[in-house]
Amino acid sequence: MGSRFFALSCLWKLKHRENGGEKESAVVLVPPPHYPSMPRYPIESPGDSSRQLLEIRKALFKVSGMQCSACSASIEKAVKRLEGIEDATVDVLHSKAQVVYHPSFVDEESIREAIEDAGFKATLIEDDVDERSAITVCRLRIKGMTCTSCSNTVESALEKVQGVKKAVIALATEEAEIRYDPKQVNYKQLIDAIDDTGFEAMLISTGEDRNKVGLKLESILSGGEIRVILNSLQALPGVEDTEVDMQLEKITVSYNPDLTGPRTFIDVIEETYPGRCKATLCQPGGRGGPDRSEEIKQYYKSFLWSLVFTVPVFLLAMVFMYTPGIRRGLDLKLVNMLKLGELLRWILSSPVQFIIGWRFYTGAYKALRHGSANMDVLVALGTNAAYFYSVYTVLRAATDNTFKGTDFFETSAMLISFILLGKYLEVLAKGKTSEAIAKLMDLTPDTATLLTLDTYGNVVSERTISSQLIQHNDTIKILPGEKVSSDGLVVWGQSHVNESMITGEARPVAKRIGDEVIGGTVNENGVLHIRAKHVGSESALSQIVRLVEAAQMAKAPVQKFADKISKFFVPLVIVISFTTWLAWFIAGKIGSYPKSWIPSSMDEFELALQFGISVMVIACPCALGLATPTAVMVGTGVGATQGVLIKGGKALESAHKVNCIIFDKTGTLTVGKPIVVNTKLLKNMVLRDFYEIVAAAEANSEHPLAKAVVEYAKTLREGSLETSRLPEAQDFVSITGHGIRARVHNKNILVGNIKLMLDSGIVISEDAYDILEEVEGMARTGILVSIDGELVGIIAISDPVKPEAHDVVSILKLMKVRSIMVTGDNWGTANAIAKEVGIETVMAETLPDGKAEKVKELQMSGMTVAMVGDGINDSPALVAADVGMAIGAGTDIAIEAADIVLMRSNLEDVITAIDLSRSTFTRIRLNYLWALGYNVMGIPIAAGLLFPFCRFRLPPWIAGAAMAASSVSVVCCSLLLRYYKRPRKLDLLQMQTVRIQ
């Protein structure tokens, strides 16, 4: 228990320090640190210029013995005490510590010794840091991909490039995410590699862009004056690098967002040459999914032009030939057997075949050049077969006065027109699959009201700026009805904020001084002044968008099925098509079917050709390729709008199989804000003195229970004339899973559970046992306090169960999902909480590593396990589970251990996540059922399977229309997920919760 106290203490302090220590409190109860406060940079380097001259290195250590975040915090603290340490980051999950340091002040051996002095074993990993730090990630937009064969071609080409570690291609979003070594290859070479495959690529972003901004200069400055501006920018604190493109008149600045920002850069540029130079932000592109407007326009324009020629061809072939007066004119013979109607159809269909349909030729050429085949190959073969056979009949008729043949110009023209219509509708529908990201991006307001404050915090002036120019620690004014322009802390005012668009919370949330607000939410009824905390790419909104984009890039395991089929699908269809033509042709020549089966306008060869072309154009690999990614795109987007962030198709696929959920107790099933409800003293002493000693010992911990003790001590000290600072605690030790030990006022203090007391030789009386049993029976946690080897008191702490917990467990039972509770708390309290919420299986007194072992045991029994926790001490279990759900993440959504991040602290979202994943996977199954069923049934019908029985024949142009419709239908099926509604029982549950509150 004490370890957990200490764990969250260290985490809270680190977070508090990262937030700039903004949180105010009337009474300060945290004792001063007892180690020297070292500067971030060595004392000998006070200026920025000298800082740049200092060498900085990274070292990575393998650390053994870490069990929770308390361990990581103690290691970070020990390392940062050393002089010359730039930064230290500890990863509990992977048992590693990365240290950035100045080798002129400290070496790797000293760092290793500092870690071991903290009680852990450390080993230097020499090559891993360089290898990991060298990897860069870039995102590219790729145009021209139509099916999984295209995406597989691009992926294979990229992975062959030296220096590329991994390449992932998302067909639905038309994007590539590439991890590469910048020492061996750059993004321009990657773009060239994609261009060589026949597709067009453009850069969206690189991993280096996150804290980089481009500024467009509108000026008539000389090269020397530009260099003056660069030097002025380089001199600013926080500026890491500057680049200039004289041709584009663009300056790129890399910077530390905690120290400076774009507004400062613009002010410096414009103040350097007043009136002569103006700077504006270069608008970033690529976010919110691909901009399909140009592609939609192109397909629409191509389709309209194809209609201009195809409609006359259709009328000439299908309508006018049966109109007596017009038919006579069309049958007019020009040369030998060449008729006017045939010549007109040839002339009108040629632009459709070679100009409007040129995209299919280029697509087929690019695919075949790299040894693959896609939909373009099928379309090009099918239309060419119809067109060039028709050309043959026309030329033969013009040179032979006895030849009688039938042309199929209308087949090729109508086939291309219908496919263009299908592609237009498909692109239109695919554009809607990324609407969720686009809506999230639109939440940020265009402008913000920036306040200038004096040294006393009074408002001096205000001005309107672009929201993109907000910087860290800016004070922003938010009026009623306005959108919050940045993540931050309320420093003045109170109001209610509608956060439904980010977290899915339907009710407005009250905000007061010290509360966090999220950018993009709507202020309801009061004026707020907020201090910007996370800006630009670090904002919660940007993190959500990045997470959803990454989820849409990641392939679901079920996608491998479509990838395997796509490798042989097109070649197989070509073989079937050729076999169909050959079989019907031979059958006709040897008289295997009556001559009456052949239409009067055809012969055996032409009938066989029609069957062969129909087979070729009805087969659709696109529908298979779009079945999974479109559903995942829509599903993850819908989840993001409801505060359920799903990290990719793998998480979706695993979540729909979940049949067992393990809930952590504190902060998951309970509210997570424990309070002291009762105190039993076993020795005569003043209650305030008792809590002064206990709080002094617990002040080093930020476990929720420790925090409750400190907060209660604060209430007892209110109005006291004594100093507000707690006594000094020395020799603080955290005993993992049991409690803490410290010295206060030269007294040995033990605070923790009964096992800690027994292991320390503390005698526990019968009365103390009775008190503990009574406390635990009321679902409260009993903390024992010992002073100088004598048990002096028992503190009863209550953490109320969330009001929806019981109903959520009941609904999960109806969904055939088993619920289990795991906690580090004692068995008595754990059983009482479990009974209250309706959980039958309980695992108590379990350490963080033990939780992961429990998960593995359940998996070994054949269950698909989800773990729901807070993402901190539950990290090992979250990773071990098939699906890790981090609940109550709020703006801290970048929890690596979690597969699904629930932004709210509401257990209802667990059901939403599982139900949404089931709905999404149902949609994927329907997509595959349709795509496979369509091809399995369509190809035999197109091959003439029904013709001998009922004379039903599928003309090629109808087969082409069916092929186009299949892709559109798959995308539209996925789009139906946009109308997903969470289970109605949850809405009724929310109404009950409102009534209770």
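**Pockets, cavities and helix packing in the predicted model**

The lining of the second largest pocket comprises 33 residues, with Met-321, Gly-405, Thr-406, Asp-407 and Ser-601 lying nearest the centre of the pocket. A pocket is an open set of points on a 1 Å grid over the protein atoms alone, with protein on both sides within 12 Å along at least five of seven lines; a cavity is a set of points where a 1.4 Å probe fits but cannot get out, and lining residues have an atom within 4 Å of a point. This is a predicted model, in which local features need pLDDT of at least 70 and side-chain atom pairs count only at pLDDT 80 or more, while totals for chains, interfaces and linings use all residues. Residues are numbered from 1 along each chain as its sequence is written, and side-chain values use heavy atoms, with hydrogens and water left out.

The second largest pocket holds about 920 Å³ of space, where a volume is the space filled by probe spheres set on grid points joined across faces, edges and corners. At least two lining residues of this pocket come from each of α10 (293–319), α11 (324–330), α12, α14 (375–399), α15 (409–433), α20 (604–618) and α34 (956–975). Helices (H or I, at least four residues) are DSSP runs numbered from the N terminus. Helix α12 gives the largest share of the pocket lining, three residues. By class, the lining of the second largest pocket has 14 nonpolar, eight polar and eleven charged residues; Ala, Val, Leu, Ile, Met, Phe, Trp, Tyr, Cys and Pro count as nonpolar, Asp, Glu, Lys and Arg as charged, and the others, Gly among them, as polar.

Axes are lines fitted to C-alpha atoms, for helices over the stretch in contact, and angles run from 0 to 180 degrees between N-to-C directions. Angles under 35 degrees count as roughly parallel, over 145 as roughly antiparallel, 65 to 115 as roughly perpendicular and the rest as oblique. The axes of α20 and α34 cross at roughly 10° and come within 8 Å, which means that α20 is roughly parallel to α34. Gln-610, Ile-613, Ser-614, Val-617 and Ile-618 of α20 make this contact (heavy atoms within 4.5 Å) with Pro-956, Ala-959, Gly-960, Ala-962 and Met-963 of α34.

The contact of α32 with α34 has eight nonpolar, four polar and one charged residues.

The axes of α12 and helix α13 (residues 358–369) cross at roughly 40° and come within 5 Å, so α12 is oblique to α13. Here Gln-353, Phe-354, Ile-355 and Ile-356 of α12 meet Trp-358, Arg-359 and Tyr-361 of α13.

Six cavities of 30 Å³ or more were counted. The second largest cavity has about 100 Å³ of space and is lined by 13 residues, of which Lys-665, Thr-666, Leu-705, Thr-781 and Asp-825 lie nearest its centre. Helices α23 (665–669) and α29 (827–837) give two or more residues to this lining, which divides into four nonpolar, five polar and four charged residues.

The mean pLDDT (the predictor's confidence in each residue, from 0 to 100) of the chain is 80, and 87% of the residues score at least 70. Confidence is highest in α12 (residues 340–356), at a mean of 93, and lowest in helix α2 (residues 48–53), at 38.
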